[in-house]
Amino acid sequence: MAAPTAYALIATDLDGTLLRGDDTLSDRSLAALARAAGAGARHLVVTGRPAPRVRPLLDQLGSRGLAVCGQGAQVYDVGADRLLWSVTLDRELAETALGKIEAEVGQVYAAVDQDGVEGLTLIEPGYLMPHPTLPAVRVDRRDDLWCEPISKVLLRHPDLSDDELAATARSVVGSLATVTMSGPGTVELQPCGITKATGLALAAAHLGLGPERTIAFGDMPNDIPMFDWAAHGVAMANAHPELKAVADEITLSNEDDGIAVVLERLFLGLEDLEDLEDIEGLKGLKGLEELRELEELEELGEFEEL
């Protein structure tokens, strides 16, 4: 059946959004995405992770299309295992930016994501991976980080909070790079002007779609450009306050299948509702008989409870 919504593109962040804290995808989220796909909607992963670190998750999703990786610096063709588009961060500019940041806050610890579908994540001494399940190669000194082209630099400070480090970095880096905060312990430098919206717009255009039919889900400030671009932005309950402030809607947390809750509301028909035993929000309705009184299925969108 046709979807009771105008959304043709579903853009989802991964960490803290579609993924649970243990890096798994729930059956409910997979089923909701499959239902949306059956209704004709396309799903795009839009993540800060580089392409090589996303492939196993895309396999779980059954994706053979496109994914936006590296904070928008990469548009990855999953089926062909190649980058349709990528932009690198100039390594000399990256070193200069790091020097400016350390002049303000003292020593930081750095890592880099190399460009390409086989690029490595390199970490210097003292850097702790925010996701210990992701593979990384430790190098002996910072100079070794710059041995190959990179898509971004990841920063951690031993004492400052992520918000404090990101704010200081933005104040001193200027046009050398774009500063983002994409998760706990993850402040990043990426090519100037590149954001998740950059990659999302390119991927959507490749699919013949635009912002007016896009719904986006996220949890961190690096998702703000994506929300600005999309017609509708949904923040998770666990989202950073800066993202919640600009969101059109707030759903449940990633641990509580917040994406699935919204997609079920948007893409499930009446015959599907009869089969569901435990969907948040249906408890507030007197019964399915009330839904059948609707003249058009589109009116489901008026029920805030769903």
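I began with the open sheet, where six strands follow the order β8-β7-β6-β9-β11-β10 with mixed pairing. Strands (E, at least two residues) and helices (H or I, at least four) are DSSP runs, numbered from the N terminus, and two strands pair if DSSP finds at least two bridges between them. β8 (137-138) and β10 (178-183) each have a single partner strand, so one side of each is left without a neighbour in the sheet.

The model is predicted, so I noted that local features need pLDDT of at least 70 and side-chain atom pairs 80 or more, while totals for chains, interfaces and linings use all residues. Residues are numbered from 1 along each chain as its sequence is written, and side-chain values use heavy atoms, without hydrogens and water.

Next I looked at β10 and β11 (residues 186-190), which pair antiparallel over five bridges. Thr-180 has Glu-188 in β11 as its bridge partner.

Then I checked helix α5 (residues 162-173), which lies across β9, β10 and β11. α5 runs at about 170 degrees to β10 (axes are lines fitted to C-alpha atoms, for helices over the stretch in contact, and angles run from 0 to 180 degrees between N-to-C directions).

Last, is Asp-257 buried or exposed? Asp-257 is buried, at 10% relative accessible area (buried means under 20%, exposed over 50%, partly exposed in between, with a 1.4 Å probe and protein chains only). I found Asp-257 in the loop between β14 (249-250) and α9 (258-267). Beyond neighbours within four places in sequence, Asp-257 is in contact (heavy atoms within 4.5 Å) with Arg-20, Ser-26, Arg-28 and Ser-29.
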